[in-house]
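Colleague: I'd like to learn how to read a ligand site. Could you walk me through one?

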Amino acid sequence: MAYDQTNIFARILRGELPCDTVYEDEHVLAFNDIRPLAPVHVLVIPKGPYTSLDDFTADAGPEVVGHYFKVVGEIARKAGVAETGYRILSNIGGHGHQEVPHLHVHVLGGRPLGRMLPDARG
Ligand code: AMP
């Protein structure tokens, strides 16, 4: 899928829209989710034009991918959720119910989060 330059996170990266930044470096931006699902709900995005974890892990170099995930862990520690536990989540494509087509990892924590998915197995 071609990268959509008009997506909301691309607009945040270009400075066209504000965000509540919690971390920024040359390659990564992290900001609070506008509709938080937990006391800690941070979105971590690469600055490069990657639609999802799919093209990111296929096309970005190992140093860029490695740095990105180092930052995810660092943000969780800085947010104070590493000791109590937290969840990272990245929705990818249609079945993943991805709404914004720019790679983002959700960092969720600050309360017990329950099961990973509603369990339809009973
Ligand atoms: P996803 O379904 O994984 O694509 O999630 C997109 C996330 O982006 C949702 O949790 C939204 O609440 C969040 N979101 C959408 N627009 C903004 C925004 N302008 N600033 C911060 N978070 C946003």
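Colleague: How many Å is a polar side-chain atom of N91 from an oxygen atom of the ligand?

Modeller: Keep in mind that this is a predicted model. A pair of N or O atoms counts as a polar contact within 3.5 Å. Here, a polar atom in the N91 side chain sits 2.8 Å from a ligand oxygen atom. H104 has a side-chain N or O atom 2.8 Å from an oxygen atom of the ligand, and for a polar side-chain atom of H106 the distance to a ligand oxygen is 2.8 Å.

Colleague: And what share of the ligand does the protein bury?

Modeller: You take the ligand alone, then see what the protein covers. On its own the ligand exposes 510 Å², and 88% of that is buried by the protein. The space the ligand takes up is the largest pocket.

Colleague: Which residues come nearest to the ligand?

Modeller: Of the 16 residues around the ligand, the nearest are D33, N91, E99, H104 and H106. Sorted by class, the shell has seven nonpolar, six polar and three charged residues.

Colleague: Which element gives the largest share of that shell?

Modeller: That's α1, with three residues. Both α1 (8-13) and β2 (28-32) supply at least two shell residues each.

Colleague: Which residues does UniProt list for "domain: HIT"?

Modeller: Residues 8-118, according to the unreviewed UniProt entry. In the model, that span is 27% helix and 23% strand, and its end C-alpha atoms are 28 Å apart.

How values were computed
Residues numbered from 1 in each chain as written. Predicted model: local features only at pLDDT ≥ 70, side-chain atom pairs only at ≥ 80, totals over all residues. Heavy atoms only, no water. Near = heavy atom within 4 Å. Polar contact = N/O pair within 3.5 Å; in protein donor to acceptor, adjacent residues only side chain to side chain. Areas by Shrake-Rupley, 256 points an atom, 1.4 Å probe, with all protein chains shown as cover. 1 Å grid on protein atoms, 1.4 Å probe; cavity = no way out; pocket = protein on both sides within 12 Å on 5 of 7 lines; lining within 4 Å. Sits in = over half its atoms within 2 Å of the grid points. Helix = DSSP H or I, 4+ residues; strand = E, 2+ residues; numbered from the N terminus. Nonpolar A, V, L, I, M, F, W, Y, C, P; charged D, E, K, R; others polar. UniProt positions renumbered as here; feature names shortened; annotations may be inferred.
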